[in-house]
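Please examine the structure shown below before reading the report that accompanies it.

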Amino acid sequence: MYMRVRTANLKRRSTLPLPPGPRGLPIIGNLLDMPTHYQWKTFARWSEEYGDLISVKVLGQTYILLNSLEHVIELFERRGAIYSDRPTLTVCGEIAGWGRTTIMSHYDDRLRNLRRLFTPLFGTRKNVEQFVPVLEEQSHRFLLRLKNNPDDLEAQVRKSAGALILAISHGYCIREENDHLITISRRANDDFAALTVPGAFAADFLPILKHVPAWFPGAGWKRFAQNAHRNVDAMHDAPHKFVKQQMAAGTATPSFASLHLSDCLTPDEEALVKDAAGSIYGAGSDTTVSAICSFFLAMTCYPEIQRKAQLEIDTVIGTDSLPNYSDRERLPYVNALLLEVVRWNPVVPLGGYRCLTQNDVYGGYAFPKGAYIIPNVWKYLHDPEAYTDPFQFNPGRFLPSGDKKPEKDPRTMAFGFGRRACPGMKFADASIFMTIARSLAAFEISKKVENGQVLQPAQEYTSGIVSHPKLFPLSVKPRSAKMEALINTVHSDQP
Ligand code: HEM
């Protein structure tokens, strides 16, 4: 009986079509159809013609686009056992060594052990509260950096996100200028951005090319990847060495690495802690930068929303002090503003790609083993069924009013799904809250005026895996002399 059912299933699978999609050319498939910019918008538009399940093939690789939330819940959550692997990127993952990081790991026991290390520190809001003193100190330092360099928002946000991550991951306090660990981590992450540009490396489509020797003419890509390997190793080794030295000297502060390393660990367990801690910078820094810069863009463009949030802070906290993490519950509008920042222009518009580990059947279509599955998170967060006027920046949508219930919490989508969902979500949420609440309390954010002309920000974003607001003009000034004095009470540099 069992055998008969199995055979019938296999037979049905082999005759089912792939989901529909643009018709490709021989050999290259849909290479020419694949958008290079704002892929999420093109993918969303394709739904009008092909529906919410779409397939494309590029040089023999099948991609399946999930344009509706209902599909991603069914596949990434209910069928998570076979939809939780990541694609093998030959150049980035293997040759350049990024396969050791949590985000790039295959779905196996090692990955499950890596993720288990995150749970006791970042798994719940309560766990994250042990890092509140670091969050409060680092967000205050950010205010000082931005006050001193108001024309350099992106650089100050980036420095501050890196400083926070290294404080949390390894208990390391950065130097304001030319910090050694920031340089090492940035170098590796710049490589990562170059290594993951879609279609940049032929060896990702033709893995046999990985055997080309590095000295071979035209193999510059391989030398680049090998150098990137040294950089990613340094990104793991250097902070690990630092924390071990601090622990030996009895001066380590609580951090992801020190808290785990204080248990007696076997060499394999220690290597796992090193990999998990070393990959936090890559996963948590650039993403936070995007969210914070989006917040400043929104505040520049929508002054009435800024005023409403500031009024809430002034009423609840007063104008003489900065909000603390414990004030969060008392600031519903600021919380709603955070949710709208997360929804408006999602940091990772196409979520985390998955690689299907077994043939599957879904919605009457064949989903072949090895297909890359892409959730169009941007589309879910702009679904007019879920969000009224989805292209408008409106924090009020997340507050109950009369009979109207708050709209869907975007964090359930923007941080991924199921077994690979972002393990740093609760921490990211807390850190973004601290930065935006304190920036609202401290600064007047407005459009820049140059030679009597008001400069309008373009509201444009970049197209990478992590999407950032493109540089935009703005003015940032302390809200009062008292506030300026308060900002100055934090020291900015390592002693
Ligand atoms: C605005 C901030 C952030 C956003 C929007 C974000 C979003 C994401 C997304 C979409 C994924 C892929 C999820 C999936 O495949 O379904 C992910 C993975 C991950 N994130 Fe975050 N993240 C943020 C901040 C952070 C922070 C602060 C940390 C660390 C403290 C972190 C650690 C990680 C790790 C380690 C992974 C890999 C998980 C895995 O592959 O199993 N993230 N994140």
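## Basis of the description

This is a predicted model, in which local features need pLDDT of at least 70 and side-chain atom pairs count only at pLDDT 80 or more, while totals for chains, interfaces and linings use all residues. Residues are numbered from 1 along each chain as its sequence is written, and side-chain values use heavy atoms, with hydrogens and water left out.

Helices (H or I, at least four residues) and strands (E, at least two) are DSSP runs, numbered from the N terminus.

## The open sheet

Four strands make up an open sheet of mixed pairing, in the order S1-S2-S6-S3; two strands pair if DSSP finds at least two bridges between them. Its edges are strand S1 (53-58) and strand S3 (354-355), each of which pairs on one side only. S1 and strand S2 (residues 61-66) run antiparallel and are joined by six bridges. Serine 55 lies opposite isoleucine 64 in S2.

Helix H2 (residues 39-50) packs on the sheet and touches S1 and S2, contact meaning heavy atoms within 4.5 Å. The direction of H2 makes about 115° with that of S1. Axes are lines fitted to C-alpha atoms, for helices over the stretch in contact, and angles run from 0 to 180 degrees between N-to-C directions. Helix H3 (residues 69-78) also packs on the sheet, touching S1, S2, S3 and strand S6 (372-375), and its direction makes about 125° with that of S2.

## Helices H7 and H8

The axes of helix H7 (residues 132-148) and helix H8 (residues 153-170) cross at roughly 160° and come within 10 Å. H7 and H8 are therefore roughly antiparallel to each other, a term for angles over 145 degrees. Ala, Val, Leu, Ile, Met, Phe, Trp, Tyr, Cys and Pro count as nonpolar, Asp, Glu, Lys and Arg as charged, and the others, Gly among them, as polar.

## Helices H10 and H12

Helix H10 (residues 220-249) and helix H12 (residues 267-278) have axes that come within 9 Å and cross at roughly 110°. H10 and H12 are therefore roughly perpendicular to each other, the range being 65 to 115 degrees. Met235, His236, Asp237, His240 and Lys244 of H10 make the contact with Glu270, Lys274, Asp275 and Gly278 of H12. These residues divide into one nonpolar, three polar and five charged.

## The iron site

Cys422 (SG), at 2.3 Å, is the only protein donor of the iron atom of the ligand. Donors are N, O and S atoms within 2.8 Å of the metal (3.2 Å for Na, K and Ca); water is not among the atoms, so sites may look incomplete. Cysteine 422 is found in the loop between helix H17 (411-414) and helix H18 (425-442).

Technical notes. Parallel < 35°, antiparallel > 145°, perpendicular 65-115°, else oblique.
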